[in-house]
Amino acid sequence: MKAVQFTEHGDRDVIEYGDFPDPAPDRDEVLVDVKAGALNHLDVWTRRGLPGIDVEMPHIPGSDGAGEVVAVGEGVTRFEPGDRVALSAGVSCGDCEYCRHGEHSLCVRYHIIGEHVRGVHSELAAIPEDNLLEVPEGVPWETAAAAPLVFQTAWRMLISRAELKPGEDVLVLGASGGVGHAAVQIADYAGANVYATGSSEAKLQHARDLGAQAAFDYTEEDFADRIRDETGKRGVDVVVDHVGAATWQDSLASLAKGGRVVTCGATTGGNPETDINRIFWNQLQVIGSTMASKGEADDVMELVWDGTFEPAIREVLPMSEAARAHELLEEREGFGKVVVKPDSEL
Ligand SMILES: [Zn+2]
């Protein structure tokens, strides 16, 4: 088969699209004919190399993908050849104290397909049955590939971790990115008043189209000041921050008393200055979140399959142009998800 792959960490020029041995499904795995994959910032981090994560080379990236089942291992019960499936990339053990409580993304052996083990940006992929979602007829492959990672991440952040309530005010940073644009849709669906930031008028308009009542350019104005103006000096109940060091202090300063900031990442750096005085005096909560449980993923994907939520597709590229796909993420061009398809599917 052909696969996107790299044999060493580095810049985009380490990425190749070439031959790789066809995978064979193990007992509990499903062999999928991949129709589309999607990128996440995780793919960029994995390509550059993450401290403490030693991937087997050559590494195939890709934590999002969808396709058709072509073969199943003898222990597989939920799928058969011809079924339409999408990947849900978090792998949990099922046995540890967290898994036994249904908290799969807290699993002590938690790892992510595409990050810690080979991913799915390839013509074929052997995937554990547990990591596949059924995709209804009529859902485009691009949608099925683009939605799972970011929608499950944003769902757990807002619904399970921040416990967002109808009528609350929420600020979503980077609302045109993968998690951001999912978070705007989910917060609007939950009945919150949504504020959003972005870095260009086109991105801000996109956030408004998704349900944000106000969106403003954080490169032109201080977003914490703007939030104070918008909320009659009160601040918002919840901030969704996946930006990190560049925004952390302003995220805290945007919160109402008793507010919650929920983070799932730190694309601009993970060690910002913080403000402990503000945290204790205003009784703020700092909440971490990563991926989602299987049940949370099922809940949010039902709402993707029925069209309530829709991943925006920024661009569809052949896998042979995977380096360009990485560039779109790294240069923050456009909004929504970048999809890649095997060249043979285009
Ligand atoms: Zn576990």
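Before going on, a word on the model: it is predicted, so local features need pLDDT of at least 70 and side-chain atom pairs count only at pLDDT 80 or more, while totals for chains, interfaces and linings use all residues. Residues are numbered from 1 along each chain as its sequence is written, and side-chain values use heavy atoms, leaving out hydrogens and water.

Where are the domains? Domain 1 covers 2-147 + 311-345 and domain 2 covers 151-288, with bounds from an automatic or database domain assignment. The contact (heavy atoms within 4.5 Å) takes 14 residues from domain 1 and 10 residues from domain 2. The rule finds 1 salt bridge across this interface, counting a side-chain nitrogen of Lys or Arg within 4 Å of a carboxyl oxygen of Asp or Glu.

Now find the zinc ion. Its protein donors (N, O and S atoms within 2.8 Å of the metal, or 3.2 Å for Na, K and Ca) are the SG atoms of Cys93, Cys96, Cys99 and Cys107, 2.3 to 2.4 Å away. Along the chain they follow the spacing C-x2-C-x2-C-x7-C. Why is the arrangement tetrahedral? Because the 4 donor atoms subtend angles of 102 to 116°, and four donors count as tetrahedral if all angles lie between 85 and 135 degrees.

Technical notes:
Four donors count as tetrahedral if all angles lie between 85 and 135 degrees; four count as square planar and six as octahedral if opposite donors are over 155 degrees apart and all others between 65 and 115; anything else is irregular.
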